[in-house]
Amino acid sequence: MFDWISAAMKRDPALRGGVRPLEILLYPGMWALVFHRIAHPLFELGVPFFPRLISQIGRFITGIEIHPGARIGKRFFIDHGYGVVIGETAEVGDDVMIYHDVTLGAIGWWQKNLQKKRHPTIGDRVVIGAGAKILGPVKIGSDSKIGALAVVINDVPKKTIVAGSLGKILKKKK
């Protein structure tokens with residue numbers, strides 16, 4: 001149940017040695033996962049209102065928004081955390097690490113033919129850099145790395161490194 005604590009201890013050098021392990025109690029990512037681990041089973045049971053209330057309290061306290069419907073794997077670690085958004089149909093594998101300001105989001109309500117699955121699926125042992133945006137029902141293969149500020153809107157094969165943004169001019173005013 002507390003597998004994210006061991007993940008934090010393993011991945012964050014600031015927590016190693018002495019009494020530093022107690023500092024995990026100060027990590028917003030740890031608290032966001034506590035709230036999610038409470039809200040998610042209630043969401044799965046179809047309990048109305050309370051899963052969202054719990055997730056919004058977690059967001060208020062931590063600055064991290066994890067929809068109670070999101071499926072989060074074992075030993076998930078959010079480092080720094082502020083600004084992280086994980087959408088309702090997102091699925092995150094085991095041993096995944098993400099940094100602050102990451103979005104696992106949908107492509108938007110205005111899109112035609114919206115599928116039931118609107119958010120990304122992240123494989124095992126993936127690292128997602130600060131500010132990265134992974135949008136839509138894309139799949140990120142296991143053992144991949146998504147660079148800081150990358151915008152990903154297409155599937156990524158396993159063991160792949162992705163960097164850069166997809167921004168381009170759509171229309172230029174005269």
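Tutor: Start with Glu 44, which is partly exposed because its relative accessibility is 42%. The scale runs as follows: buried is under 20% relative accessible area, exposed is over 50%, and partly exposed lies in between (1.4 Å probe, protein chains only). This is a predicted model, where local features need pLDDT of at least 70, side-chain atom pairs count only at pLDDT 80 or more, and totals for chains, interfaces and linings use all residues. Residues are numbered from 1 along each chain as its sequence is written, and side-chain values use heavy atoms, with hydrogens and water left out.

Student: What does the side chain of Glu 44 meet in a salt bridge?

Tutor: A salt bridge is a side-chain nitrogen of Lys or Arg within 4 Å of a carboxyl oxygen of Asp or Glu. Here Glu 44 pairs with Arg 71, at 3.5 Å from N to O. The pair links distant parts of the chain, 27 residues apart: Glu 44 is in helix H2 and Arg 71 in strand E2 (residues 71-72). Helices (H or I, at least four residues) and strands (E, at least two) are DSSP runs, numbered from the N terminus.

Student: Is His 40 buried or exposed?

Tutor: His 40 is buried, because its relative accessibility is 16%. His 40 also belongs to helix H2 (residues 28-44). Leaving out residues up to four places away in sequence, His 40 touches Pro 68, Gly 69, Ala 70 and Arg 71, where contact means heavy atoms within 4.5 Å.

Student: How many salt bridges does a search of the whole structure find?

Tutor: The search finds seven. One of them joins Asp 143 and Arg 125, with the closest N and O atoms 2.7 Å apart.
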